[in-house]
Amino acid sequence: MASSDKPEVVERDVSEKEKKEESEDKGGFFDKVKDFIHDIGEKIEEAVGFGKPTADVTGIHIPSINLHKADIVVDVLVSNPNPVPIPLIDINYLVESDGRKLVSGLIPDAGTINAHGTETVKIPVTLVYDDIKSTYDDIKPGSIIPYKIKVDLIVDVPIFGRLTLPLEKTGEIPIPYKPDVDLEKIHFERFSFEETVAILHLKLENKNDFDLGLNDLDFEIWLSDVSIGGADVTESTKIAKNGITYIDVPITFRPKDFGSALWDMIRGRGTGYSIKGNVDVDTPFGAMKLPISKEGGTTQLKKNKEDGDDDEDDEVIVLFIF
């Protein structure tokens, strides 16, 4: 073949305009496909009645609280507008105070929300005070701290797929502190070795930043190592926040059971005492049962005149506490 017969290869330059037109054609095609799929999805949603579920925090309860922990229950109302049940896949929760995490957790497989139904989902959360106080030194017993609860509900809905419903709620919670108790004196109404009737003068100090409504006080008292008995006081009284109240408690006991402790008191040597018991109180955060205890101190038996009386016959025996 002659050289003149060889095929001629011609290079063709593709202009920027042509490239742009080709790209626009492709983009337009994909946009049309996406719009088509979106339109089909909306038509299916309208025909079948699918929609996104809604959720709202309807309440926060504290069913149990004491010196060690607080049990919190978060009520979340979830509404499902769809014609089929939807699974509640996971619940993530976080409790924080001033941006600092107090506790977090995950509840898997949390149940199912019925078709066209509403369900109240209860989320239990426990705050352990020792964990909080060991992590944050500035959180003191007796204080009230703000909190924020964050909840993520993860559901699986046809058409929409997996959705996350975020929720938040704020409030306050206490870090309770036990009341301080002191036995100021024992006033003997009738004194004999076989049976003695006395009045215990107790001082209760509330070291919390919230009021305590005292409903019940039960305790046992020891002089030296001998129990002289106990009492259960059901008279209601209020102890203001960071305040003090006084309670008079009648008690009956047998001094002859004291042994050497009684003779130490009679001779003026004094003897130690201790109190242990509990108080049932109402607070703005719910009912609490708090321990009370006091160990130490010195007692001394003396004669004392009644207030306002000068007659020596009105002298009574009082056990003073130092």
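**View 1. Confidence along the protein chain of the predicted model.** The protein chain has an average pLDDT of 80, and 72% of the residues score at least 70. Among the elements of the chain, strand S2, covering residues 69-80, has the highest confidence with a mean of 95, whereas strand S16, covering residues 315-321, has the lowest with a mean of 50. Two stretches call for particular care in reading. Over residues 1-12 the pLDDT stays under 50, and the model has 2 contacts there beyond four places in sequence. Over residues 311-317 the pLDDT also stays under 50, and for this stretch the model has 19 contacts beyond four places in sequence.

**View 2. The open sheet of 3 strands.** The strands of this sheet follow the order S1-S2-S5, and their pairing is antiparallel. Strand S1 (54-65) and strand S5 (117-128) stand at the edges, and because each has a single partner strand, one side of each is left without a neighbour in the sheet. On average, and with direction ignored, neighbouring strands of this sheet are turned by 20 degrees against each other. The antiparallel pairing of S1 with S2 extends over 9 bridges, and within the view Ile65 can be found opposite Ala70 in S2.

**View 3. The open sheet of 4 strands.** Here the order of the strands is S4-S3-S6-S7, and the pairing is again antiparallel. From one strand to the next, the twist averages 15 degrees. Strand S3, made of residues 86-97, pairs with S6 in the antiparallel sense over 8 bridges, and Asp90 stands opposite Ile154 in S6. As a general point, the strands of a sheet pair through backbone hydrogen bonds, in either a parallel or an antiparallel manner.

View 4. Strand S6 (residues 144-157) and strand S7 (residues 161-174) run antiparallel and are joined by 14 bridges. Several facing pairs can be followed along the two strands: Lys150 has Glu168 in S7 as its bridge partner, Val155 stands opposite Leu163 in S7, and Asp156 has Arg162 in S7 as its bridge partner. The hairpin has 3 residues between the strands, and Ile159 takes a positive phi near 75 degrees.

**View 5. Pro158, in the loop between S6 and S7.** Pro158 is found in the loop that lies between S6 and S7, where a relative accessible area of 32% makes this residue partly exposed. When neighbours within four places in sequence are left aside, Pro158 is in contact with Phe50, Val84 and Ile86. Pro158 and Asn82 are 76 residues apart along the chain, while their C-alpha atoms are separated by 8.8 Å.

**View 6. Pro166, in strand S7.** Pro166 is found in strand S7, and with a relative accessible area of 60% this proline is exposed. Not counting residues up to four places away in sequence, Pro166 touches Val151 and Asp152. Pro166 also lies 7.4 Å from Lys150, C-alpha to C-alpha, although the two residues are 16 residues apart in sequence.

**View 7. The largest nonpolar core and the surroundings of Leu153.** The largest nonpolar core holds 67 residues, of which Ile123, Leu153 and Phe219 touch the most other members. Strand S6 gives the most to this core, with 7 residues. Residues up to four places away in sequence aside, Leu153 touches Ala55, Val76, Val78, Leu88, Asp90, Ile91, Leu163, Thr164, Leu165 and Leu167. In soluble globular proteins, nonpolar side chains tend to be buried together.

Note on methods:
Residues numbered from 1 in each chain as written. Heavy atoms only, no water. Pairing = 2+ DSSP bridges. Axes fitted to C-alpha atoms, helices over the stretch in contact; angles between N-to-C directions. pLDDT = per-residue confidence, 0-100. Contact = heavy atoms within 4.5 Å. Core = buried A, V, L, I, M, F, W, Y, C linked by side-chain atoms within 4.5 Å. Buried < 20%, exposed > 50% of the residue type's maximum accessible area, 1.4 Å probe, protein only.
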